Amino acid sequence: MPDLFIMNQISEILRFDNLLSDDFADGVSPLARFLSGRTDAVPDVPGAIASDIVAMRDALRAKFGDDKDGLDFCVAAMGRLAAKRFAGKSQGYVATNAALSRLAATISQKRPIIFTFCFGGYKNHNSPDYPEPGWAEFFAVRHIVKYLSPIIKNYKHGIIIEFETEEVAIHFNNVPQAETDKYTAAFGKLLEYFAARTGIDFRLAMARDLYPGGVSALNELIEQKIGTYEKIFSELSLGEQAKWIQRAENNFMIRGIKDYTNASPAEIAAAAKRARIINEAFLDADYALRAEWFDAENRILICGTWGFMPSASPTEFSLHIMSTASSITDFWIGTGVLDGTHKNILSKTQWDAAKGGIEYVDVDSDLKQISKNFEKIPVVK
């Protein structure tokens, strides 16, 4: 019988009445204070020099003119988006400037704001939750709602939270499409679960549905770009090559579309390297074909910590956030656990180290209709 503390923690994570309780006054960032005219504020925006920050402020004031209410809301919203506690580190200049510019344009035109979280759209096969979503996804969606909550509460012209899934590329990691489709279906139901309890407009955007010319056009462009990324990889130091391949090895499924169970370590390493190079070519081709979609003036791009990984296609245009208040492991990679008052997401290495001390506790919730992964919750003892 789990103790009362654990049962209270489970009850707390299933609550929705407090999910939109934050206000803009909760932890105002130095950037917001500077943009609002405070002379004592020193914004921490990596990659920016003083004149860059001043130019951001001047462009913002010029955009709104005499519309003080619009200006004040935009400053408050950007302050929330730039709050360090949600990202674990300060947002970079390119992402901050892009987000502020789009916010200002959207708010001044009184259009809906689309917050688009870009992610893999699959469950890593190393997670015990594979192939469906679990508590990691639940925690992460809650965290994103909490992150955006003051904006959602106070903006009168519409907020859309969109999860953009790039599952179209997961088969390159030797993962069967049928297993990825199970994730897509269940994740969509999870978003419906949140929408029904919050009234928020959640949407699932499938990259495969957004290419002019369809998936065949994507695959053709990937083939054209593979040679470029083979050359880029060959010019990296051995240490940099190892970092590139590290994630590919974690994502590559040994017993998948093709069975590599009896393959040699060299054959597996070569297959993982090939998968990583194709993934880099995909990221390039994906943006080339969908630039107009990504660059929509009312779309604010957000991504997880994968954007910090060594890559030829960095995601500096996207704001970065943690998966939960205490975890930097991307939710589609890891496994969600309760650890005291923390909602953690454990990587494969962390899970392997902790699983001997994990207790599975029954959860009485409608979530079990979405996936069997929600019937019980892993608790660190």
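Mentor: Start with a term: a polar contact is a pair of N or O atoms within 3.5 Å; within protein, one must be able to donate a hydrogen and the other to accept it, and residues adjacent in sequence count only if both atoms are side-chain atoms. This is a predicted model, where local features need pLDDT of at least 70, side-chain atom pairs count only at pLDDT 80 or more, and totals for chains, interfaces and linings use all residues. Residues are numbered from 1 along each chain as its sequence is written, and side-chain values use heavy atoms, with hydrogens and water left out.

Trainee: Which backbone oxygens does the side chain of Asn 373 reach?
Mentor: Asn 373 lies in the loop between strand 8 (358-362) and strand 9 (376-380). Helices (H or I, at least four residues) and strands (E, at least two) are DSSP runs, numbered from the N terminus. Its side chain reaches two backbone oxygens, each at 3.0 Å: that of Asp 129 and that of Pro 133.

Trainee: Is Asn 373 buried or exposed?
Mentor: Buried means under 20% relative accessible area, exposed over 50%, partly exposed in between (1.4 Å probe, protein chains only). Asn 373 has 10% relative accessibility, so it counts as buried.

Trainee: Which residues does Glu 132 touch, not counting residues up to four places away in sequence?
Mentor: Glu 132 is in the loop between strand 1 and helix 7. Its C-alpha is 6.8 Å from that of Ser 371, though the two are 239 residues apart in sequence. With contact meaning heavy atoms within 4.5 Å, Glu 132 touches Lys 123, Lys 182, Tyr 183, Ile 370, Ser 371, Lys 372 and Asn 373.

Trainee: What kind of ring pair do Phe 117 and Phe 163 form?
Mentor: Rings of Phe, Tyr and Trp (its six-membered ring) pair if their centres lie within 6.5 Å; planes under 30 degrees apart count as stacked, over 60 as edge-to-face and the rest as tilted. The chain has 29 aromatic pairs by this rule. For Phe 117 and Phe 163 the centres are 5.8 Å apart and the planes at 45°, so the pair is tilted.

Trainee: How many residues apart are Phe 117 and Phe 163?
Mentor: Both are buried. Phe 117 belongs to strand 1 (residues 113-119) and Phe 163 to strand 2 (residues 159-165), so the pair links distant parts of the chain. The separation is 46 residues.

Trainee: And what kind of pair do Phe 331 and Trp 332 form?
Mentor: Both residues are buried. Their ring centres are 4.9 Å apart, with planes at 80°, so the pair is edge-to-face.

Trainee: What radius of gyration does the chain have?
Mentor: The radius is taken over C-alpha atoms, and the globule rule is 2.2 Å times the number of residues to the power 0.38. With 381 residues, a compact globule would be near 21 Å, which agrees with the chain's value: 21 Å.
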